Amino acid sequence: MTVTGNTGTGTGTGITSTPAATNPTPPPSGHSETTWAKGRGEQVPQGHRRLLTHRDRLTLGLMAGLPTILHIALVWVTALASIALAFTTWDGIGFDSIKWVGLDNFRELFTNNPQFWPAVQHNVIWLAVLILVPMPLGMFLAVQLDKKIRFSRVYQTAFFLPVVMSFAVIGFVWQLVYNPDTGLINSLIGANKPGHYIDWIGDPDLNLWAVLVAASWRHTGYLMILYLAGLKGVDPALREASALDGANEWQTFKNVIFPTLRPTNTIVLVVTIIEALRAFDLVFVFNKGAEGTELLSILVTNNIIGESSRIGYGSAIAVVLLLISLAVIIPYLVATFRKERRS
Amino acid sequence: MQLSSSGLSSPGPARRTLLRGVGGAVALGAGFPLLSACGGSGTASDPKTVTVGSNASDAVPKKAFADIYAAYKKKSGITVDVNTKDHNTFQEQINSYLQGTPDDVFHWFAGYRMQFFAAKGLATPIDDVWKSIGDNFPVAMKVLSQSEDGKYYFVPLYTYPWAIFYRKSVFKQYGYEVPATWDDFVALCGQMKKDGLVPIAFGDKDAWPAMGTFDQINFRANGYDFHVELMAGRASWTDAKVRKTFDLWTEILPFHQEGAVGRTWQDAAQTLASKKAGMYLLGTFVAQQFTDKAALDDLDFFAFPEINSAYGQETVEAPTDGFMLSKAPKNKAGAVKLLEYLGTPEAEALYLKSDPSVVAASRTADTSSYTPLQKKAYDMIAGAKSLTQFMDRDSRPDFTSTVMQPALQKFIRDPKGVDSLLSSIERQKKTIFTAS
């Protein structure tokens with residue numbers, strides 16, 4: 001963990017040297033060649049002499065200021081505005097039609113919206129499935145591919161291919177597979193006739209799982225590559241040592257390889273949580289979040305986008321999604337910071 | 001998205017439109033300034049140019065409109081600068097589009113949805129246009145083009161009725177007769193099932209086709225006035241009349257094609273085209289799915305059967321599309337002239353030449369080149385006592401898309417739960433209709 005500490009100071013020196021580096025004109029008289037060299041090397045105390053020229057400050061101000069303004073305007077202002085709007089009703093036409101309604105939107109949401117609780121439930125199922133299926137599967141595939149088996153590159157490409165496609169495209173591809181009348185599955189097993197008909201897209205007991213297969217299909221490839229990268233970083237000497245100690249393959253994996261994959265596991269977990277919380281496009285393409293596949297993100301979209309939108313109500317749903325995200329992210333951040341402080 | 005493309009003929013590959021819809025959603029997420037930026041084209045201050053915001057992104061209507069504008073330029077010397085957006089994206093963004101810098105004239109729908117933007121002050125009244133085009137339209141179209149304040153805001157171009165479609169050859173082969181009453185209809189469904197046909201083709205993946213079935217049963221059983229009351233949020237969804245509609249629907253639901261929620265209307269139309277299904281309730285745009293000429297000639301339709309003799313078959317569901325004038329057009333004089341032209345039989349004829357799946361809104365349009373299907377559709381509309389638009393065009397779109405679409409999908413799958421479903425609809429309706 002000391003490494004992270006070092007990176008912190010590393011970026012610090014990086015900032016002070018950057019403006020000088022980007023500045024093509026030679027520095028003014030006070031700063032001779034020596035300062036340059038010193039600046040690049042170890043930091044020499046400069047005494048009361050000003051380190052930054054006027055121009056440097058301007059550059060620095062722009063470089064730090066513009067992103068800050070953009071960040072505040074596009075992230076914080078919009079997020080806070082959306083939280084504020086959650087307590088109003090607004091059809092999106094003119095600011096004078098915004099009406100304060102207090103907690104009405106939330107009351108309506110929790111008691112009156114038949115799609116809300118299913119959506120929360122589906123978001124949770126989505127997260128659980130992505131952790132339980134693609135994570136072990138991705139690790140398993142990575143371990144197999146790491147053994148330098150023949151055609152390893154071909155398998156790698158095959159498993160990774162879905163990752164380079166957008167979820168919208170994956171939605172179309174899987175629709176062709178699941179289409180109840182002409183789709184691949186029903187045509188193969190003959191389940192497209194009246195009487196024994198499997199409605200993969202319309203049946204609320206099936207469609208969520210059908211979509212999750214597609215989501216896992218893509219996510220497994222992604223995690224496989226992450227784990228493969230992690231495995232490449234495992235020191236071969238460790239394997240050798242465990243082989244000399246007489247450990248079998250499973251023992252080596254369990255006691256030697258897996259513990260070294262800890263940083264990779266953290267990344268994988270974070271990536272998976274993000275993926276589960278932003279689940280939207282696949283379902284939207286698949287059946288627009290019809291019964292059985294409701295998701296919070298889709299409810300937000302359905303309420304906000306449209307010709308006479310319920311922006312306040314949609315914002316209230318977005319706030320719920322934000323709270324769920326925070327509930328997942330805050331424990332993670334707290335744990336990470338605590339570890340850093342300890343080291 | 002495409003949240004409510006309902007009742008609209010949006011043919012062509014649904015996948016592609018959907019993908020573009022997703023793109024639109026992303027663009028919307030990027031914020032308002034971006035959206036308004038893609039609105040106007042900036043060249044509109046030129047008195048010789050009128051800009052038009054178009055949702056006619058499908059090939060057939062796009063070409064039909066291009067023909068109209070080319071003819072108009074030849075006639076008046078005014079260039080029409082068309083800004084075409086994907087059909088569904090256009091609908092999703094209409095709100096911010098009209099508040100930003102919209103084009104002078106824009107495509108839109110008649111009835112409640114037109115009235116909504118008129119009431120919000122996002123459109124300019126065009127009474128002067130109607131002074132010159134008024135004689136071209138029947139009374140029902142005039143009513144559809146007016147807002148609550150009695151002013152005109154809309155120029156209708158074309159319309160298309162909803163009806164029950166069937167193959168003439170199939171009816172002939174089995175000796176079926178067109179049912180005039182509900183009992184005949186139910187009996188026919190039973191017979192078709194015995195004969196190994198799917199009695200009623202059905203696909204509700206896009207969530208709007210089921211609204212059409214509801215509308216038909218509802219206004220046949222309870223009349224046009226009740227339809228209006230219910231759609232306007234005044235009548236209650238727990239009313240015995242609504243319950244009656246759903247009971248009737250439950251009666252014929254077993255005759256509908258299985259697995260409707262997973263099927264698009266295009267796929268359902270294919271079951272009719274391949275003669276596996278006996279009937280299909282949809283708008284006349286279903287004809288677009290009949291690419292084979294012989295099959296298209298074999299296609300016919302009849303009005304939804306009578307349920308209550310007090311109302312007979314007097315109401316016809318006929319969504320109407322046309323044009324509106326934006327709130328502050330840059331070239332108002334030119335835009336008014338263009339709207340006057342669009343209300344003429346000449347413009348109608350040009351449109352219908354390229355898109356024969358719809359019929360003219362005007363009564364003076366030349367119908368001599370109509371196909372038998374178009375003639376029949378035209379007669380049906382001309383003979384109607386009242387015209388409805390469609391559930392989501394006659395009611396608040398936020399209500400129909402967020403409450404009714406999922407509710408009807410739920411009903412189709414589980415008709416037994418109708419009581420709790422109706423009270424849930426009523427509760428949600430109250431909050432939405434009282435909100436603004």
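Author: A salt bridge here is a side-chain nitrogen of Lys or Arg within 4 Å of a carboxyl oxygen of Asp or Glu. The model is a predicted one.

Reader: What is the N to O distance between the side chains of A:Asp104 and A:Arg107?

Author: Both residues belong to helix H4 (residues 104-112) of chain A, and because they are three residues apart there, about one helical turn separates them. A:Asp104 is partly exposed, at 38% relative accessible area, and A:Arg107 is exposed, at 52%. Their side chains meet in a salt bridge, with an N to O distance of 3.0 Å.

Reader: How many residues apart in sequence are the parts that A:Glu249 and A:Lys147 tie together?

Author: A:Glu249 and A:Lys147 form a salt bridge whose closest N and O atoms are 2.7 Å apart. A:Glu249 lies in helix H12 (residues 249-260) of chain A, whereas A:Lys147 lies in the loop between helix H6 (134-145) and helix H7 (152-164), so the parts tied together are separated in sequence by 102 residues.

Reader: Is B:Asp398 buried or exposed?

Author: The side chain of B:Asp398 meets that of B:Arg396 in a salt bridge of 2.8 Å, N to O. B:Arg396 has a relative accessible area of 9% and is buried. Buried means under 20%; B:Asp398, at 4% relative accessibility, therefore counts as buried.

Reader: Which residues are linked with A:Asp146 in a network of salt bridges?

Author: Side chains of opposite charge can pair when their charged atoms come close. In chain A, the network of salt bridges links A:Asp146 with A:Lys232 and A:Arg239.

Technical notes:
Residues are numbered from 1 along each chain as its sequence is written. Chains are lettered from A and ligands numbered from 1 in the order in which they are written. This is a predicted model: local features need pLDDT of at least 70, side-chain atom pairs count only at pLDDT 80 or more; totals for chains, interfaces and linings use all residues. Side-chain values use heavy atoms; hydrogens and water are left out. Helices (H or I, at least four residues) and strands (E, at least two) are DSSP runs, numbered from the N terminus. Buried means under 20% relative accessible area, exposed over 50%, partly exposed in between (1.4 Å probe, protein chains only).
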